[in-house]
Amino acid sequence: MKIAATTVKGGLDDTIIDIFGRAPYFTIVEVDNGKILDVEVVKNDNAAASGGAGIAAAQLMIEKGVSSVLTGRVGPNAFNVLSSAGINVYDAAGLKVRDAIEKLLNGELETVASPGKGGGMGRGMGRGRGGGRGMGRGWM
Amino acid sequence: MKIAVASGKGGTGKTTVSANLSAVTGIKLYDFDVEEPNAKIFFKGNEKSRDVYRPVPEVKENCTLCGVCREVCQYNAIVVLKDSIMIFHEICHSCGACVYLCPEKAMDEVKRKIGEIIDVYKNGKCILTYGKMDIGEVSPVPIIKEMKKDMEKNAIIDCPPGASCPMVESVKTADFVVLVAEPTPFSFHDLKIAANVVKELKKPFGVVINKYGLPYNIEERCKKENYEIIGKIPFDRKFAEKYSKGELIKDKEMFGEIYDRILEIL
Amino acid sequence: MLTAENPLRLTIISGKGGTGKTTVSAQLAYRISKVRRIVLADCDVDAPNLHILLKPKILEEKEFIGMKKAKIDSSKCTNCGLCYELCRFDAIVEDSGYYIDSTSCEGCALCYHACPEKAIEMIEETRGKIYISETKLGPFVHAILFPGEENSGKLVMEVKELAKVEAEKSGAAAIVVDGAPGIGCPVIASLANTDLAIVVAEPTLSGLSDMIRVLELTEHFRISSVVMINKFDLNIDVSNKIERLCKEKGIEIVGKIPFDDSIPEQMSKLEFPFKGRAAEEIENSWDTIMDIAMNSK
């Protein structure tokens with residue numbers, strides 16, 4: 001299976017950041033039987049789009065055949081697309097990609113069940129707006 | 001003749017000038033600041049409202065999920081899933097590209113409400129038309145365009161603030177532009193930006209100074225830039241209080257002179 | 001704890017222009033900068049003002065490339081008029097041949113895709129400038145959109161991204177954003193990824209109407225907001241209305257700034273940080289703002 005992580009530069013040792021649609025790079029890791037087979041770093045061309053960055057990023061996840069996304073907050077539109085495509089979103093911000101994958105495989109990561117607040121332009125109006133504020137990271 | 005009242009910076013007295021000009025001359029006012037329409041506060045009357053729509057795409061049953069629509073959409077408003085297409089109407093710009101370019105002719109357009117246009121009547125006469133954009137909509141331009149369609153020959157236009165597309169769209173239709181500024185460095189800075197836009201559009205313009213009397217010497221600076229000052233509204237807490245209560249200044253002399261000067265220039 | 005890894009993101013907005021958004025942004029930033037490192041960003045790219053007050057030293061200048069816009073290659077164009085017919089933005093002008101009015105073009109590329117002669121290109125152009133500067137308060141990212149250009153939302157996004165990078169570099173604990181006016185694209189972009197929106201409202205009927213709309217907007221995007229009333233004693237009736245309304249909505253009033261004649265005076269001389277009653281009230285609001293911001297983070 002393929003797992004994507006939102007990263008600044010990309011790679012297994014990079015730290016996962018808490019933004020999805022505007023993450024500079026996606027680190028896409030192919031895992032089979034608990035082993036890392038391949039790592040692909042994909043630049044996010046839509047990181048600075050005026051609108052729809054999250055949607056475009058979600059589309060990219062679909063095209064890359066990703067089944068799980070490791071990130072922090074996901075905007076409502078992107079969340080909509082990911083959940084419609086059956087892609088799971090896990091809260092892993094702050095962790096190293098390598099560690100987060102291990103945790104994911106061990107079932108130690110929590111899924112993000114609702115979109116985070118303060119998404120970008122244009123919220124998915126009238127489409128499943130419920131669900132309070134799914135928070136990204138805790139903040140001390 | 002159409003007079004547009006604009007200002008780079010918001011809150012400099014654009015609405016004060018346009019509303020009073022309209023009240024003093026009897027020319028109908030159009031409030032194009034559809035994000036934050038305020039002129040209505042000064043002109044009470046019977047309101048008649050109509051909805052404004054823009055077309056947005058929807059997928060028909062004969063869609064083959066080929067993905068052309070997503071490829072051509074420049075706004076990331078379309079997603080192709082395994083078994084369906086998802087369209088985000090709120091970020092769609094209504095350009096029609098997906099509909100036109102769909103190889104299967106599998107897209108239709110439906111109407112999406114984006115705001116309202118409201119006519120305000122007093123004694124049977126329409127004294128104000130204002131637009132109001134729905135919350136969450138991104139661009140006021142379609143509403144402004146709709147309002148421009150049936151304007152009276154003579155009109156005073158309260159423009160949106162700033163100097164980008166909504167302001168340009170509003171100013172384009174005018175014969176003369178009044179730029180309102182106050183004597184502060186901020187306002188003068190933004191006045192220059194707005195004046196450049198107006199110059200580029202090749203419209204004649206004049207400056208009205210609101211809160212005249214504040215210590216910053218804006219007159220001198222306007223002179224240096226060759227901006228003609230066509231009116232001054234003194235800095236007076238009384239005016240600020242009137243405005244706060246939604247009352248017009250309605251000083252026939254002050255606003256009449258501004259109007260006369262505009263006629264002279266034209 | 002405010003940490004550099006996860007700085008607090010405050011956006012000052014107002015709906016209505018001229019309510020004192022920039023004054024509040026600057027003075028509040030000054031207050032925070034006394035105890036923490038901060039980064040400032042001016043997202044009012046249509047009519048940026050903060051730089052006038054902060055007198056920044058520009059360290060870096062970047063070009064802002066807007067959305068691609070159409071351009072007709074007249075040597076290939078056969079004047080068939082299809083693009084003219086299709087364009088919904090009146091961006092194609094007919095004048096013995098066809099050309100693009102770039103201020104109207106929204107970059108949809110329909111004409112580019114549809115042109116049977118492939119005579120239309122989509123080209124990138126510089127549509128503004130972004131500056132990374134240094135001020136007494138800390139790093140400052142600001143920009144200017146070329147007059148008449150559209151897509152300020154995209155420029156706002158870039159300013160914010162750069163502010164974030166600066167915050168990481170300098171170890172800033174907070175990013176203070178002077179937002180755009182209105183309720184459309186630029187302000188929505190200003191509000192994206194904000195921890196707390198500070199709405200500056202003026203006690204006038206227009207100010208009230210605009211505040212209500214901008215609060216509807218923050219509610220729509222589920223962004224926590226607080227309100228600061230500027231010149232609250234200008235019209236006590238409307239000020240009371242604002243307070244009642246906020247109470248109903250469960251929105252906290254974090255400051256009531258008095259009408260202070262000395263502010264326009266100081267402003268005209270560009271004396272900053274501001275002094276006096278109004279300035280003090282803005283500074284005093286920080287403790288409350290911080291509490292609320294931390295809770296909504």
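A polar contact is a pair of N or O atoms within 3.5 Å; within protein, one must be able to donate a hydrogen and the other to accept it. In this predicted model, the rule finds 26 residue pairs in polar contact across the interface of chain C and chain B, both residues at pLDDT 80 or more. On the chain C side, the elements that give two or more residues are helix 2 (50-54), helix 3 (82-86), helix 4 (110-114), strand 9 (139-145), helix 6 (185-191), helix 7 (205-220) and helix 9 (262-268). Helix 7 of chain C makes the largest contribution to this side, with eight residues. By residue class, the side of chain C that touches chain B holds 28 nonpolar, 20 polar and 15 charged residues.

The interface was also described by contacts and by area. In chain C, 63 residues are in contact with 57 residues of chain B. The size of an interface is often given as the accessible area lost when the parts come together. For chain C and chain B, about 4,800 Å² is buried between them. Carbon and sulfur atoms account for 60% of that area. Three salt bridges are found across the interface of chain C and chain B. A salt bridge links the side chains of C:Arg213 and B:Glu36, at 3.9 Å from N to O.

Chain A contains an open sheet of five strands. The strand order is 3-2-1-4-5, and the pairing is mixed. Strand 3 (35-43) and strand 5 (88-91) of chain A are the edge strands, and each pairs on one side only. Neighbouring strands of this sheet are turned by 25° against each other on average, direction ignored. Helix 1 (residues 53-63) of chain A packs on the sheet. This helix touches strand 1 (2-7), strand 2 (25-32), strand 3 and strand 4 of chain A. Its direction makes about 25° with that of strand 2 of chain A.

Strands of a sheet pair through backbone hydrogen bonds, either parallel or antiparallel. Strand 4 (residues 66-71) and strand 5 of chain A run parallel and are joined by four bridges. Within this pairing, A:Leu70 has A:Tyr90 of strand 5 as its bridge partner.

Two backbone features lie in loops of the other chains. In chain C, a cis peptide bond joins C:Phe272 and C:Pro273, with omega about -5°. C:Pro273 sits in the loop between helix 9 and helix 10 (277-284) of chain C. In chain B, B:Asn226 has a phi near 65°, a positive value in a residue other than glycine. B:Asn226 belongs to the loop between helix 7 (218-224) and strand 11 (229-234) of chain B.

Technical notes. Residues numbered from 1 in each chain as written. Chains lettered and ligands numbered in written order. Predicted model: local features only at pLDDT ≥ 70, side-chain atom pairs only at ≥ 80, totals over all residues. Heavy atoms only, no water. Pairing = 2+ DSSP bridges. Axes fitted to C-alpha atoms, helices over the stretch in contact; angles between N-to-C directions. Contact = heavy atoms within 4.5 Å. Buried area = accessible area lost by both parts, 1.4 Å probe. Salt bridge = Lys/Arg side-chain N within 4 Å of Asp/Glu carboxyl O. Polar contact = N/O pair within 3.5 Å; in protein donor to acceptor, adjacent residues only side chain to side chain. Nonpolar A, V, L, I, M, F, W, Y, C, P; charged D, E, K, R; others polar.
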